[in-house]
Amino acid sequence: MSGAVRGGVVQAHHIGHVTVTGPAASSAGGQAARRWPRRFGVVPPLAHCFQSRAETELLPDAGRGDMAAGDPTCAVVFGLGGVGKTQLAAAYAERMWTEQAVDLLVWVAADSRAAIASAYVDVAAELTGTWSPDADQGAERFLVWLAESTVRWLIVLDDVQAPTDLDRFWPPRTASGRVLVTTRRRDAALAGHGRRLVDVGVFTSAESAAYLAAKLDTAPGTRAADLLADDLGHLPLALAQAAAYIVDEDIGFGEYRARLADQRHALADLVPEPDALPDSHRATMAATWSLSIHRADSLRPAGMARPILELASLMDPNGVPVGVFTSKAVASSLGTVDDPAGVEQIRSALQCLHRLSLATVDMTSPHSAVRVHALVQRATREKLADHRLQSLSHLAADALLEVWPAFEQDTTLVQALRANTDTVHRHAGDRLWTPELHQVLCRVAASYRASRLTTTAIDRFQHLHDVAEQRFGPGHPRALCARRDLIDVHSATAEFNAAVLALEHLLADATQALGPDHAETLATRHLLAFRRGVGGDLPGAIAGFTALLSDNLRLFGPDHPETMVSRSHLAWCRGEAGDMAGAVAAFEQLLADRLRVLGPHHESTLTTRGLLARARGTAGDPAAAVSGLQELLDDVQRLVGPYHPGAFAVRIHLASWLGRAGDPAAAVAELEQLLHDQRGSLGPEHSDTLSTRCDLARWRIEAGDLAAVTELEQLLDEQCGSQGSEHPDTRHTRVTLAEARQRANGELGAGDTPEPGGPTGVHGAQMQTHRY
C-alpha cells in the first residue's frame, strides 16, 4: 500500500510507507498543534544556588530588546566539560519562556545525530500532524516548518558532540527564531552563518566566593573558601561536587583541602557517590572528561592527543611554552623526530585538545601557549601507571632542558620554564633523581642565580645538596658537586674568608674521596682560586691557577677547554696584581689559540677579545680598549643581534672605556641608549637594567651633572626593597653613591671611580659564571 491517506488510521500490520495527513489523529498518536505557547523536551532544572553569569549577555535577545538587523540569532556556547554550559542554556531558555519572549521552546538532548533527528521528528509530528518513519524526512519537515513559521521559537541543542551531527540539522536563520547550541567543541565548522561563539570559562573569584557562601551557608569571601576555590581552579562542577562532599562528610574547608592535597586520594574519592551527585550531575569530575579525551585522541593525527595531554598533565596549568611540545625529545617519544612533518603533527595534536576544550592553545603567546585546567591534569595523571609517570617525568624534564636558552634574555620565557620545572618536579618527586639527578633541577637553580635572585638560588642549591647527600652519601661526586654549587652561591653574600675556608674543606674532602685528578676535585680547585682572586688574595689566586694549569696541561693537553679557562683566569690575576703587560701578552696568545682551535665566532673566542681589549685599556691604552670593544660589538651584534645579553655586556664596557678615554658625554649617550634597550628587552626591574642605571648616573656625574646623585639615591632605595641591602648590586650602588657624594663635595677628582662590575676588574659582570 502506498500513497496519501486521510482520516483515522489504525495500523494492524506492517504496511509499508504511508503518509497520513489531515487534522485527525496522526500515526504518532498526537494532535496537530493548535495552541501557543508550547514547549518540547525537558529543560534541566537549575542547580541549587545557581547564579547568573556575564556570558548570558552574549546570547540572542539577552538584553530583551529589539534585534537589530544582522544581529546573531544563533549562539554556540562552548567550553570545558564542567564549566556550566548546560546550566547557562537552561537559565536562558527558562527566562525567555517565563518572560513570554518565545511561543515555542524546544530542548534537544543533542548528544548524537540520531538523538537530534528523533527529537525533530517528534516535534514535527506534534506541530504538523504528520509523522514520518524516515528520520531525515521528518527532521526536514520540522526545519521547513521553522523556516515558514512566524511563531517566535527557540531551539536549544544541548551537548553536541561533533559538528557533523548538525549537518543539514541546523535550524534556519529567521527573524522570529533563536538557536542555542552547547558543546565542548570549538571547531571552525561551528562558526559562521550568523552564529556567535561564546566561550564559557570557569567562575571568577567573586562568583566562586558567592557560590560557596550560598551553598554552604557561610560568610562570603572567607579566606578558607577562597583557598578552596583556588585549589579547584574555580571550576563550577568541581565546586558543586566538593561542596556536596563537604556536607555529606560533615567536614570543613581546611579538611577538604588537606584531602585534596594528599595525592593518595583520587578525585573520585573526593566527591559524592555516583548515585548521590548533586544537581542531577551525570558524572563525577574525573569521568566528565573521559569521552572528550577519547574523541580528541581519535582525531587526526590519531593516537597523539592523549600522550600530549599526559605530558601536559605534569606541567604548569598557567601555561607551557609551545617549544616544549615541539622539542626533539617529545618528537622522539612520539616517533616523529625523523619525520619532516613531525612538528606539524604535534601542533595538530595540540589543536585536537583545543577543539575538544581539554586545553587552551594560544600561539600568539608562545611562552604560555598551552593551558590545561589543573583538575583535568590531575584526572589524567591519576590514570597513569607508575612506569608511565616515570618516563613522562623524564621526558618533560628533557624537553624543558632542551628549550632552555643558554642566555636568559627573554625573562618571560625563563619564568615559564622555571614554573614548569617546579611543577614537573612536584609531580615527579624522586623520579627525577632516578637513576641520576636530572640536570634540569640544576639548571633551574642556576637560572635563579643568573637572575641574581640569590635567596631563591640558595634555597634551590641547598635542596639539591641535602637530597644528594641523603641519596648518594657525602663522598659521592654528585653530593660534592652540589656542595660546591651551594658554597659558590653563598659566596655572593658570605664573608670572603668563610667562603674560602668552606672551599678548602671541600677540596680536602673531594681529594680524599675522588682523588686529585677527578673532574670534581679540579672544579673545586678552580673555584677556590677564583674566589681568592675576587676576594683580593691575588698571590693565592695566582698560585692556585698556576698549579691548576699545570695539571690541566698534563691531563688534557694545551688545547682542551679547561686548560684555556685556567690560562684566562691566570692572565686576569696577573693583570690585577699589576703585571698588565704580562696580562696583555697572555690574552694575546690565548686569543690566537682560541681562534685556531675554536674559530672566530665561538663564545670563548669573543669573550677573550673583550678581555684583551680591556686589559690593553688598563695597561694604559684606553683608545685601544675602545677600538677593540667597538669591533667586538659589531661582530657580536652581527652574530646574535643587538639585544643579546652578550651584546649588552660589551656595550656597558664600551661605555666605560669611552668615559675613561676622556669622553664622559659619549659614555652617557651610550648608556642612555643601552638603558632604553634593556628596559624594552629585559624590563625595568631586571638586575642588569638596574646596574645600567647605576653606571649611567655615575657617568653623568663624571660629565658634571651632579643632580644624578639623586638618581643614585632613588636607585639604592629601589634595590634595597627588591634585592635586599646586602645584594652585590645594592652594595655596588651604595659604594658608587658614596663616591658620587664625595665628588659633589669636591673630595674626589675625575677618574677615581671603579670599572662597572665592582671589584671584579677587567672581567666585569662576566666573571659571575667563572668559566671562560
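**Close-up 1. Ser208 in helix α4.** Ser208 sits in helix α4 (residues 205-216). Helices are DSSP runs of H or I with at least four residues, numbered from the N terminus. This is a predicted model, in which local features need pLDDT of at least 70 and side-chain atom pairs count only at pLDDT 80 or more, while totals for chains, interfaces and linings use all residues. Residues are numbered from 1 along each chain as its sequence is written, and side-chain values use heavy atoms, with hydrogens and water left out. Ser208 has a relative accessible area of 1% and is buried. Buried means under 20% relative accessible area, exposed means over 50%, and partly exposed lies in between (1.4 Å probe, protein chains only). Not counting residues up to four places away in sequence, Ser208 touches Phe203, Ala229, His234 and Leu239. Contact here means heavy atoms within 4.5 Å.

**Close-up 2. Arg700 in helix α29.** Helix α29 (residues 687-702) holds Arg700. With 18% relative accessibility, Arg700 counts as buried. The Arg700 side chain makes a polar contact of 2.9 Å with the side chain of Glu711. A polar contact is a pair of N or O atoms within 3.5 Å; within protein, one must be able to donate a hydrogen and the other to accept it, and residues adjacent in sequence count only if both atoms are side-chain atoms. Neighbours within four places in sequence aside, Arg700 is in contact with Val668, Glu672, Asp705, Ala708 and Glu711.

**Close-up 3. Helices α29 and α31.** The two axes come within 10 Å and cross at roughly 10°. Axes are lines fitted to C-alpha atoms, for helices over the stretch in contact, and angles run from 0 to 180 degrees between N-to-C directions. Helices α29 and α31 are therefore roughly parallel to each other. Roughly parallel is an angle under 35 degrees. On the α29 side, the contact includes Ser687, Cys694 and Arg698; on the α31 side, it includes His732, Thr736 and Arg743. By class, three nonpolar, five polar and five charged residues make up the contact of α29 with α31. Ala, Val, Leu, Ile, Met, Phe, Trp, Tyr, Cys and Pro count as nonpolar, Asp, Glu, Lys and Arg as charged, and the others, Gly among them, as polar.

**Close-up 4. Glu713 and Arg741.** A salt bridge joins the side chains of Glu713 and Arg741 (2.9 Å, N to O). Glu713 lies in helix α30 (residues 708-722) and Arg741 in helix α31 (residues 728-744), so the pair ties together parts 28 residues apart in sequence. A salt bridge is a side-chain nitrogen of Lys or Arg within 4 Å of a carboxyl oxygen of Asp or Glu. Glu713 is partly exposed at 31%. Arg741 is also partly exposed, at 40%.

Close-up 5. Arg596 is exposed, with a relative accessible area of 52%. Asp593 is buried, at 12%.

**Close-up 6. Arg259 and Glu249.** Arg259 forms a salt bridge with Glu249, with 3.7 Å between the closest N and O atoms. The pair links distant parts of the chain: Arg259 is in helix α7 (residues 253-261) and Glu249 in helix α6 (residues 236-249), ten residues apart. Glu249 is partly exposed, with a relative accessible area of 40%.

**Close-up 7. A salt-bridge network.** Asp517, Arg525, Asp551 and Arg554 are linked by salt bridges. The structure holds 43 salt bridges.

How values were computed. Helix = DSSP H or I, 4+ residues; strand = E, 2+ residues; numbered from the N terminus. Parallel < 35°, antiparallel > 145°, perpendicular 65-115°, else oblique.
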